[in-house]
Amino acid sequence: MQRRTFLHTGALALTASTTAAFAQSNWPAKPIKLIVPFPPGGGTDATSRLIAERFTVLNQWTVIVENRPGAAGNIGLDAVAKAQPDGYTMGMGQASNLSINPALYARMPFDPLKDFTPIVEIAVQPVVLVVRADSPFRTLADFIQAAKARPGEFSIGQAGNGTVGHLAGEMLARRAGIQVLQVPYKGAGPAMNELLGGQIQLYFGNSVSVMSQMASGKVRALAVSSAQRLPVIGHVPTVAEQGYPGFDATTWLGLVGPAGLPAEVVARVNKEVVAMLGRKDVQDKLAFEGNIPVTGTPQQFAAFIKAEHTKWGSLIREANIKLE
């Protein structure tokens, strides 16, 4: 798989320009619909609206965000898969929709590898392993050592079965050779409350849900799950840095269209998003929301989706994870 590009302030790697033939096209000649498969107000919605707003300001395109939540994102992405491949319907694909759900659900309304045209990856968001401020665990190694000495005694909370936090915990347990109790909650809030109350010892939460508690001094971070450090909490090392090379467990976002989307549309949107992600104001906004901007070609995004589909599917089957 070709390497994706993690963007930093001032970094910009533009894709190849569109063909001369497409330069004479009048696309887009009408509003573009961007389907968000989750409710308003969440992280996916916020990023989608940022991209739509930047398209309007920078390109004078009219992009209408349409929220279609349900079935862990499957309903919205199914609408994208079944749309006309004319360049006027796109969707915000996510790790859960395209790489995790296919292994969790007995039946899917779409094939994540065949029913979409990958356009461009936008960002990744790690989960952060945190403990209470008074925890005896100062480092990830402290926890691993204790867990090996006392198998099954420690519990890691996460915001629900099948979430990236859950899967990151399973991945860590397997890589480290430890036995821990995975405790699912109905969202980040209840999980954090249980951590602060001492009912669980650790919590693998998304960066947004833990950063405010870190700032208040109530929790301490042991590790982030991404391949590189999260800039807004750059003092926290990755799991990979602490003895587990290659460890990478993140949720991610990227634009997809229906299968058969014209190559010229794909190239144009990819080019504009890559340029957009090279802007400091966009990078700062994404970073504030706990994201790491990422870019690359459509081919790199397609290869990444396939690799993630294989990675998470294998882990889910090996760990026998099922939705209740």
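I began with the lining of the largest pocket, where strand S5 supplies the largest share, 5 residues. I note that the model I am reading is a predicted one.

I looked up the space in this pocket and found about 1,100 Å³. I then asked which of the 41 lining residues are closest to the centre of the largest pocket. They are Phe-38, Gln-94, Thr-163, Asn-206 and Thr-251.

Next I checked which elements each supply at least two residues of the lining.

I sorted the lining of the largest pocket by class and have 21 nonpolar, 18 polar and 2 charged residues.

I moved on to strand S2, residues 32-36. Is S2 mostly covered or mostly uncovered? I found 4 of its 5 residues buried, so I wrote down "mostly covered", with buried meaning under 20% relative accessible area.

I followed the chain out of S2: it passes through H2 to S3, and I recorded this β-α-β crossover as right-handed.

I looked at how S2 pairs with strand S3, residues 63-67, and found the parallel sense, over 5 bridges. Val-36 has Asn-67 of S3 opposite.

I also checked S2 against strand S4, residues 89-94. These two run parallel and are joined by 3 bridges. For Leu-34 I noted Met-90 as the bridge partner in S4.

Technical notes
Residues are numbered from 1 along each chain as its sequence is written. This is a predicted model: local features need pLDDT of at least 70, side-chain atom pairs count only at pLDDT 80 or more; totals for chains, interfaces and linings use all residues. Side-chain values use heavy atoms; hydrogens and water are left out. On a 1 Å grid over the protein atoms alone, a cavity is a set of points where a 1.4 Å probe fits but cannot get out, and a pocket is an open set with protein on both sides within 12 Å along at least five of seven lines; lining residues have an atom within 4 Å of a point. Grid points are joined across faces, edges and corners, and a volume is the space filled by probe spheres set on the points. Ala, Val, Leu, Ile, Met, Phe, Trp, Tyr, Cys and Pro count as nonpolar, Asp, Glu, Lys and Arg as charged, and the others, Gly among them, as polar. Buried means under 20% relative accessible area, exposed over 50%, partly exposed in between (1.4 Å probe, protein chains only). Two strands pair if DSSP finds at least two bridges between them. A crossover is right-handed if, with the strands pointing away from the viewer, the path from the first strand over the helix to the second runs clockwise.
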